[in-house]
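Dear colleague,

Please find below the structure I promised to pass on to you, followed by an account of what turned up when I went through it.

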Amino acid sequence: MSGAALGIEIVFVFFLALFLLHRYGDFKKQHRLVIIATLLAWYLCFLIVFILPLDVSTTIYNRCKLAVNSSPAESNGSYVTLAPSKQKCFKPWSYIPNGIMPIFWRVVYWTSQFLTWILLPFMQSYARSGGFSITGKIKTALIENAIYYGTYLLIFGAFLIYVAVNPNFNLQWNQLQTIGIAAANTWGLFLLVLLLGYGLVEIPRSHWNGAKRGYLLMKTYFKAAKLMTEKADAEENLEDIMEEVRKVSESIKYNHPLRKCVDTILKKCPTEYQERMGRNMDDYEDFDERQNSYPSEKSLVKLHKQVIYSVQRHRRTQVQWQILLEQAFYLEDVAKNETSATRQFVHTFHSQEPENKIIQYFYTPTVEWYWECLLRPWFYRVLAVVLATFSVIVVWSECTFFSTKPVLSLFAVFIQLAEKTYNYIYIEMACFLTIFFLSICVYSTVFRIRVFNYYYLASHHQTDAYSLLFSGMLFCRLTPPLCLNFLGLTHMDATISHKKTQPTAYTSIMGSMKVLSFIADGFYIYYPMLVVILCIATYFSLGTRCLNLLGFQQFMGDSEMTSDLIDEGKELIRREKRKRQRQEEGENRRREWKERYGNRDDSTRNRAVHTDQKESSFTETNANRPLSKYTRSNGRTERDRIELLQDAEPLDFNADSVNDDPLESDSGRYQPGGRYLSMSRSKIFDDV
């Protein structure tokens, strides 16, 4: 099993990152380089979280071997070994041979740092650029990132000057590397505590509120009102941009040098706008630079950028509106079915997507009723209590992990108790649950936050390329300090435990932070204590109240604006529900009509075809006969036969004039006198 666990987790994490990226990104429409870069960033960050528990168990086993094999005289060397256990050290099932983990961490860490500080910022500007050529997009990306890269060089230079001026330090390559790592981790830890303080409170609270049906329904109405406003704004913005595109398309003709740029812009427009502009476009006129003023290439680049943004925003709001409608309808169905006497879940509308037959077989209406109306609320309450307990343990450990005598961090206590018995399964499970919970609190906040329309991760393939790349940058910057914080909570970091024990392979890659003592002994230890203040602020919703005061509507139960938006959203959902019901009723009527009269229509159609065949054969037979010698002038016999075959028309007995032969006039033509010319009052019975 040596190295097998590492290989299994590498494959599993890859598919996990691919699944999440498929949920938020669009593989068909977005550029392949954007998908690959984002997938690599997510994959490396998730991989660090899953592999770190294996590094911890391997390190504990190596400490055990070193303690057993070393003599008391050798214990005064570079490492102070632990007391040897009475029983033999057992190799963990997930043991990774020496030499693999340092190389693995070095490749993963420096690749993620290259992505977050160099490649992904450049690709962000490249993806957002409105240039029409690769060279133009690269030029725009370099100009936009000049200030970005200059700021980082300035910060690194400040650290470098500090170390150079201090006479206690001798500058070496390893120390310069440590300074760079310390600068990156300091920035990441600053953001990490902010996100962690929000997630530790909001995740348990969201699950607790998930058990309240009325709360979820009211919040859905609130979201519907806000989303309708955003949807209308997106539609209006798209109309304005399409009007500008239409004007540009009409002014720049087919033989203009910038016509290719206009065609590129038109390809990014929705299909209905492309067809509308194609019908109204006249490309038969040559352009004349002396008479008309044409837009410049720079203005077309700006217009191209606006088209990409407006189309993406419009598509996203449309999809989110449909998803929110389905959610609102389902919550209303749950509220109605709670009082059902049959204990079978009844849906107002059938699912538009075909359901899996296996799921239909097991997840029957009765099972669905028991889960949605009885079990699910209690499950969410129990889960919220468990998550709240984890949050309290994390907050306590963040405030006390610097204490080594006595050990106050609960995570360190758990790991040290398991280390005495060398229970590697327990060690790995405890480490995995700890770092997994920390990652959920941090990463879920990254998925939830929204910076206006600048950064927003929308599910169902509605996230734009800029937001995907930005999320990859955040993950790569947050994961290393998150792992260092986890090692500090469990006292596996020698900087925190103040013991000269064998460090983990991950800590050895980070280097010794003693080069910057004010960071290692000050910022890394005391700054995480601010998580207590952030948790209190999140619990009392101080951030939500501040945003509400600034004019950004937030869901607050004691706000008058929230009540108005809930009423507005409820009316919008009711209107959409009536519309959906009318559509389904119309489809049901058409389906019933087709089932009832479909066979009759087919038989009628077959009889009509058979009659046409007989008439055609009869006509051919008459055409082959010789003409009769008794024929009336003007073909009266043929006309009489046609009169008998014609449909009867209503007679006008108030006609003032008479027509001798109805067939010689235009049949069915209406005269101002109130009669049809095909009708006549006198000589009706002449043939009789």
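I begin with a salt bridge between the side chains of E230 and R450, where nitrogen and oxygen come to 2.6 Å of each other; please bear in mind throughout that this is a predicted model. Because E230 belongs to helix 6 (residues 213-251) and R450 to strand 1 (residues 450-451), this pair ties together parts that are 220 residues apart in sequence. The two partners can be described by their accessibility: E230, at 13% relative accessibility, counts as buried, whereas R450, at 34%, counts as partly exposed.

Two further salt bridges deserve a description, out of the 13 that the structure holds. K577 pairs with E332, with their closest N and O atoms 3.3 Å apart, and since K577 lies in helix 20 (residues 560-624) and E332 in helix 9, the pair ties together parts that are 245 residues apart in sequence. Both K577 and E332 are buried.

E419 is in helix 12 (residues 410-421) while R63 is in helix 2, so that the pair ties together parts that are 356 residues apart in sequence. E419 and R63 are both buried.

Turning to open space, the second largest pocket holds about 1000 Å³. It is lined by 34 residues, and those closest to its centre are K29, Q30, A127, I308 and A465. At least two lining residues come from each of helix 2 (32-69), helix 3, helix 7 (259-268), helix 9 (297-337) and helix 14 (465-489), and helix 9 gives the most, with eight residues. Sorted by class, the lining of this pocket consists of 14 nonpolar, 10 polar and 10 charged residues.

Once its neighbours within four places in sequence are set aside, R128 is in contact with K305, Y454 and Y466. The C-alpha atoms of R128 and D464 are separated by 9.5 Å, although these two residues are 336 residues apart along the chain.

With best wishes

Terms used. Residues numbered from 1 in each chain as written. Predicted model: local features only at pLDDT ≥ 70, side-chain atom pairs only at ≥ 80, totals over all residues. Heavy atoms only, no water. Contact = heavy atoms within 4.5 Å. 1 Å grid on protein atoms, 1.4 Å probe; cavity = no way out; pocket = protein on both sides within 12 Å on 5 of 7 lines; lining within 4 Å. Points joined across faces, edges and corners; volume = space filled by probe spheres on them. Helix = DSSP H or I, 4+ residues; strand = E, 2+ residues; numbered from the N terminus. Nonpolar A, V, L, I, M, F, W, Y, C, P; charged D, E, K, R; others polar. Salt bridge = Lys/Arg side-chain N within 4 Å of Asp/Glu carboxyl O. Buried < 20%, exposed > 50% of the residue type's maximum accessible area, 1.4 Å probe, protein only.
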